[in-house]
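Colleague: I have the sequence and the structure open side by side. Could you walk me through the main features?
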There are 2 protein chains.
Amino acid sequence: MAESQTSQDVVHPHPYVPRDLNLPGYIPCFLSQSNILSIYASFTISVFAVTWIFSVDRLLIFWWAFTGLTHFILEGYFAFTPEFYKDNTGFYLAEVWKEYSKGDSRYAARDAGVVTVEGLTAVLEGPASLLAVYAIATGKPYSYILQFAVSLGQLYGTAVYFITAILEGDNFSTNSFYYYAYYIGANFSWIVIPSIISIRCWRKIVAAVQVQNQTKKTKVR
Amino acid sequence: MAESQTSQDVVHPHPYVPRDLNLPGYIPCFLSQSNILSIYASFTISVFAVTWIFSVDRLLIFWWAFTGLTHFILEGYFAFTPEFYKDNTGFYLAEVWKEYSKGDSRYAARDAGVVTVEGLTAVLEGPASLLAVYAIATGKPYSYILQFAVSLGQLYGTAVYFITAILEGDNFSTNSFYYYAYYIGANFSWIVIPSIISIRCWRKIVAAVQVQNQTKKTKVR
């Protein structure tokens, strides 16, 4: 089978949709789908275990460490590696995006909207998420507004991601398994969790401002 | 001259760049550039005058009224009117976007990134900006966090707007006058003002949370 050869001379047909997408130099995945997913799951469980043992605001710190590292490393690699689909070394980060492109071929096709959102996410929200870990752990007064800002950025980015796909025809998935498991499933956490965090932070901030306003009024009397 | 005829049978060449952009049914502007700009300037001055006379936090209320109405009416019209460039009635909102497309033809070409950002801006940030007018005028405790949220959305949208243009080749302006006056100039306020407002709100919120944290510590002692 030509597909299992790794020589650079062989032309490998890519598995992505639309079928006429042109990806010269494409190299298929080396790792299996289950290998790629189990490595990411192990990473997630490790971050969870470490944050659970050592911290107070445990779940939040876990989330910010997990999402910050995902933004910075995984999405940062994508944003600044236009030719990841040509990787022939089996490098894990390239394998992830080759696999994920089965759910959204705009990653392989270098769609401007996707690259923009991933670039902003990696460069701004990645470091800001890791700063949130520090801010929560040390009880900084900017902790809520920082978490609110990053969550809002994640929600805006996810909205741009899905709406541009709809406007461009929503035909970038190899089949419905990849559509629901990767395109919908993998992005779902970044709608639900930032929504919960931003509502919580909004309430905490409004309560603090309200107390301050009342204190001022009392002093004036 | 064929260009001055308004009969629907006549094919009008469009003035936009890239020159091979296909816009069947295009109708040229009826109003002159100076007419379009002076109507928008009159609207801006009227909003400024009304808010200056009646309010306390005058400049902020003016900004939120101006930006809210711009988002809701001007950008809302664009987001939900794919064929504005075919308008043959001289309707003001269509004229604005025909004229602005000389600075960024992605508006006429219905670029997915531009439509997404304008849609989110019109639907979410438009009403939220008008809510900010009310919140500031009545001294609501959510005033700062609301202004912060909308400003961050404006900054994220403007970032997506410019970065996608760069990634797509940055060749959408008829000439350098339109590039600097429309594409750069008209969007510049939505970088500078939301930056100033979001820094101010960040500081106000951090100060309020800090006071609350200290109050709690004092009570515990």
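This is a predicted model: local features need pLDDT of at least 70, side-chain atom pairs count only at pLDDT 80 or more; totals for chains, interfaces and linings use all residues.

Colleague: Which residues line the second largest cavity?

Modeller: The lining consists of B:Gly103, B:Ala165, B:Asp170, B:Phe172, B:Ser173, B:Tyr179 and B:Tyr183. By class, four of these are nonpolar, two are polar and one is charged.

Colleague: How many cavities of 30 Å³ or more are there by this rule?

Modeller: The count is two cavities of 30 Å³ or more. The largest cavity contains about 40 Å³ of space.

Colleague: And which residues line the largest cavity?

Modeller: Its lining is made up of A:Gly103, A:Asp104, A:Ala165, A:Asp170, A:Asn171, A:Phe172, A:Ser173, A:Tyr179 and A:Tyr183. That lining divides into four nonpolar, three polar and two charged residues.

Colleague: How does one find such spaces in the first place?

Modeller: A probe the size of a water molecule is rolled over the atoms, and this shows where empty space is left.

Colleague: Let us change topic. What elements does chain A have?

Modeller: Chain A has seven helices and zero strands. Read from the N terminus, its elements run α-α-α-α-α-α-α.

Colleague: What does the C-alpha trace of chain A span along its principal axes?

Modeller: The span of that trace is about 85 × 40 × 25 Å.

Colleague: Now the two chains together. At what angle do H5 of chain A and H6 of chain B pack?

Modeller: The angle between helix H5 (residues 112–137) of chain A and helix H6 (residues 143–167) of chain B is about 125 degrees, and their axes lie 9 Å apart. H5(A) and H6(B) are therefore oblique to each other. The crossing of H5(A) past H6(B) is right-handed.

Colleague: Which residues make the contact of H5(A) and H6(B)?

Modeller: On H5(A) they are A:Ala112, A:Gly113, A:Val115, A:Thr116, A:Val117, A:Leu120, A:Thr121 and A:Glu125. On H6(B) they are B:Tyr156, B:Ala159, B:Val160, B:Ile163, B:Thr164 and B:Leu167. The contact of H5(A) with H6(B) comprises nine nonpolar, four polar and one charged residues.

Colleague: What about H6 of chain A and H5 of chain B, at what angle do they pack?

Modeller: Helix H6 (residues 143–167) of chain A packs with helix H5 (residues 112–137) of chain B at an angle of about 125 degrees, with axes 9 Å apart. H6(A) is therefore oblique to H5(B). H6(A) passes H5(B) in a crossing that is right-handed.

Colleague: Which residues meet there, in H6(A) and H5(B)?

Modeller: H6(A) contributes A:Tyr156, A:Ala159, A:Val160, A:Ile163, A:Thr164 and A:Leu167. H5(B) contributes B:Ala112, B:Gly113, B:Val115, B:Thr116, B:Val117, B:Leu120, B:Thr121 and B:Glu125. By class, the contact of H6(A) with H5(B) has nine nonpolar, four polar and one charged residues.

Colleague: Staying within chain A, how do the axes of H2 and H6 cross?

Modeller: The axis of helix H2 (residues 58–79) of chain A comes within 13 Å of that of H6(A), and the two cross at roughly 50 degrees. That angle makes H2(A) oblique to H6(A).

Colleague: Is the crossing of H2(A) and H6(A) left-handed or right-handed?

Modeller: The crossing of H2(A) and H6(A) is left-handed. In H2(A), A:Leu60, A:Trp63, A:Trp64, A:Thr67 and A:His71 meet A:Gln147, A:Val150, A:Ser151 and A:Gln154 of H6(A). This contact of H2(A) with H6(A) has four nonpolar, five polar and no charged residues.

Colleague: One more topic, the backbone. Is the peptide bond from A:Val17 to A:Pro18 cis or trans?

Modeller: The bond from A:Val17 to A:Pro18 is cis, with omega near 5 degrees. A:Pro18 belongs to the segment before helix H1 (33–54) of chain A.

Colleague: And the bond from B:Val17 to B:Pro18, cis or trans?

Modeller: The bond from B:Val17 to B:Pro18 is cis, with omega near 0 degrees. B:Pro18 is placed in the segment before helix H1 (33–54) of chain B.

Colleague: Why point these out?

Modeller: Most peptide bonds are trans, and most residues other than glycine have a negative phi.

Colleague: Where is A:Arg110 placed?

Modeller: A:Arg110 is in the loop between helix H4 (106–109) and H5 of chain A.

Conventions
Residues are numbered from 1 along each chain as its sequence is written. Chains are lettered from A and ligands numbered from 1 in the order in which they are written. Side-chain values use heavy atoms; hydrogens and water are left out. Axes are lines fitted to C-alpha atoms, for helices over the stretch in contact, and angles run from 0 to 180 degrees between N-to-C directions. Helices (H or I, at least four residues) and strands (E, at least two) are DSSP runs, numbered from the N terminus. Angles under 35 degrees count as roughly parallel, over 145 as roughly antiparallel, 65 to 115 as roughly perpendicular and the rest as oblique. A crossing is left-handed if the near helix is turned anticlockwise from the far one by less than a right angle, and right-handed if clockwise. Contact means heavy atoms within 4.5 Å. Ala, Val, Leu, Ile, Met, Phe, Trp, Tyr, Cys and Pro count as nonpolar, Asp, Glu, Lys and Arg as charged, and the others, Gly among them, as polar. On a 1 Å grid over the protein atoms alone, a cavity is a set of points where a 1.4 Å probe fits but cannot get out, and a pocket is an open set with protein on both sides within 12 Å along at least five of seven lines; lining residues have an atom within 4 Å of a point. Grid points are joined across faces, edges and corners, and a volume is the space filled by probe spheres set on the points.
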